[in-house]
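I opened a new notebook page for this chain. My plan was to start with the overall layout and then look up single residues.

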Amino acid sequence: MALTGTKATFSTTTLAVGTHPISAVYQGDADYASSTSATVTETITALSTTTALATSAASAAALSSVTFTATVTAGATGSVKFYDGATLLATE
């Protein structure tokens, strides 16, 4: 980035979730020596999600098929685990 007056600005959307130590380094020129800023810590947090669960039958006879459908925030990727209390039923 070139200096505009006394400032250079940089924006990004590519930092992964986690903590990042960020610093700025001025390369210097014919009149001014190079210098490095103090480090600032930028913490990127995961986007929040919502999960809704629907069932094909609120009540069903033994041995009947029941379908559970989980809908997660648009854009989310990965898997969904279905539980009966603390017992894992499936990972989809």
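**Overall layout**

I read the chain along its sequence and noted the pattern β-β-β-β-β-β-β-β. The radius of gyration, taken over C-alpha atoms, is 25 Å, well over the 12 Å that the globule rule gives for 92 residues, so the chain is more spread out than a compact globule. That rule is 2.2 Å times the number of residues to the power 0.38. I counted 0 helices and 8 strands; helices are DSSP runs of H or I with at least four residues, strands are E runs with at least two, and both are numbered from the N terminus.

This is a predicted model, where local features need pLDDT of at least 70, side-chain atom pairs need 80 or more, and totals for chains, interfaces and linings use all residues. Residues are numbered from 1 along each chain as its sequence is written, and side-chain values use heavy atoms, without hydrogens and water.

I looked up the C-alpha trace: it spans about 85 × 25 × 15 Å along its principal axes. Of the 92 residues, 2% count as buried (under 20% relative accessible area, with exposed over 50% and partly exposed in between, using a 1.4 Å probe and protein chains only).

**Strand 1**

I then turned to His20, which sits in strand 1. His20 counts as buried because its relative accessibility is 18%. I listed its contacts (heavy atoms within 4.5 Å): leaving out residues up to four places away in sequence, His20 touches Leu15, Val40, Thr41, Glu42 and Ile44.

Ile22 lies in strand 1 too, which covers residues 18-22. Ile22 is partly exposed, because its relative accessibility is 34%.
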